[in-house]
Amino acid sequence: MSETTEARMSVVEERLAGLGLSVPEVAAPVAAYVPAVVTGNYVYTSGQLPFVQGELPAVGKVGDGAGLVSADEAKKLAATAAVNALAAVKSVIGDLDRITRIVKVVGFVASDPSFTGQPGVINGASELLGQVLGDAGAHARSAVGVAVLPLDSPVEVELIAEFS
């Protein structure tokens with residue numbers, strides 16, 4: 001008997017598993033929006049926070065001082081937010097192997113006023129997407145420093161994915 005599509009793990013999910021990660025359930029929206037929208041062959045995700053089992057592993061501003069989230073920790077959180085964005089994509093297209101290209105990533109970093117390392121933080125998301133999607137994970141990107149993010153999250157990531 002052949003495996004059903006639901007029973008088999010996608011190549012993308014196998015690569016995530018190889019990194020010790022899995023696609024979580026889509027986080028419930030914290031306001032009036034949906035996690036992802038399909039138009040044509042594109043999925044636009046809402047901004048995704050780095051929730052792990054419904055909790056933010058860290059909160060606060062990113063920077064180099066005491067009481068701040070370190071750039072290294074924030075980079076890991078950006079990768080987590082990217083996994084959550086992939087979960088949002090999967091929720092509307094069913095199979096992550098349908099992704100043909102990550103077109104754009106926008107990353108927001110809640111930054112201490114002296115912090116200027118936003119691109120390095122959002123590299124966490126970009127590198128994760130490259131690891132699990134290969135060439136299809138190469139994308140255009142913005143990394144933006146902001147004063148505060150929802151729920152005091154240090155990072156937020158959204159993306160646009162093309163699929164077939």
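This is a short tour of the structure, one selection at a time. Keep in mind as you click around that the model is predicted.

**Stop 1: the sheet**

Start by showing the strands. Five of them form an open sheet in the order β1-β2-β5-β3-β4, and the pairing is mixed. In general, strands of a sheet pair through backbone hydrogen bonds, either parallel or antiparallel. Now colour β1 (36-39) and β4 (140-146): these are the edge strands, and each pairs on one side only. Going from one strand to the next, the twist averages 15°.

**Stop 2: strand β5**

Select residues 155-163, which make up β5. Is this strand mostly covered or mostly open? It's mostly covered, with seven of its nine residues buried.

Next, look at the neighbours of β5. Strand β3 (residues 99-110) runs antiparallel to β5, and nine bridges join the two. You can pick out a couple of pairs: Lys104 in β3 has Ile160 as its bridge partner in β5, and Val109 is partnered by Val155 of β5. Then select β2 (residues 42-45), which is also antiparallel to β5 and is joined to β5 by three bridges. Here Val43 stands opposite Ala161 of β5.

**Stop 3**

**Stop 4: the nonpolar core**

In soluble globular proteins, nonpolar side chains tend to be buried together. Which residues have the most contacts inside the largest nonpolar core here? Select Ile99, Val121 and Leu133: they are the ones, in a core of 40 residues. The elements that give two or more residues to this core are α1, α2, β3, α3 and β5. The largest share, 13 residues, comes from α2.

Zoom in on Leu133. Setting aside its neighbours within four places in sequence, Leu133 is in contact with Val12, Arg15, Leu86, Ile99 and Ile102.

**Stop 5: Gln118**

Show side chains and you'll find a polar contact of 2.9 Å between Gln118 and Ser111. Not counting residues up to four places away in sequence, Gln118 touches Val109, Ser111, Ala143, Val144 and Gly145.

**Stop 6: the salt bridges**

Side chains of opposite charge can pair when their charged atoms come close. How many salt bridges does a search of the whole structure find? Two.

For one of them, select Lys90 and Glu13, where the closest N and O atoms are 3.0 Å apart. Lys90 is partly exposed, at 27% relative accessible area, whereas Glu13 counts as buried at 16%.

Finish with Glu127 and Lys75, whose closest N and O atoms are 3.2 Å apart. Glu127 is in α3 and Lys75 in α2, so this pair ties together parts 52 residues apart in sequence. Glu127 is partly exposed at 42% relative accessibility, and Lys75 is partly exposed at 28%.

Notes. Residues numbered from 1 in each chain as written. Predicted model: local features only at pLDDT ≥ 70, side-chain atom pairs only at ≥ 80, totals over all residues. Heavy atoms only, no water. Buried < 20%, exposed > 50% of the residue type's maximum accessible area, 1.4 Å probe, protein only. Helix = DSSP H or I, 4+ residues; strand = E, 2+ residues; numbered from the N terminus. Pairing = 2+ DSSP bridges. Polar contact = N/O pair within 3.5 Å; in protein donor to acceptor, adjacent residues only side chain to side chain. Contact = heavy atoms within 4.5 Å. Salt bridge = Lys/Arg side-chain N within 4 Å of Asp/Glu carboxyl O. Core = buried A, V, L, I, M, F, W, Y, C linked by side-chain atoms within 4.5 Å. Axes fitted to C-alpha atoms, helices over the stretch in contact; angles between N-to-C directions.
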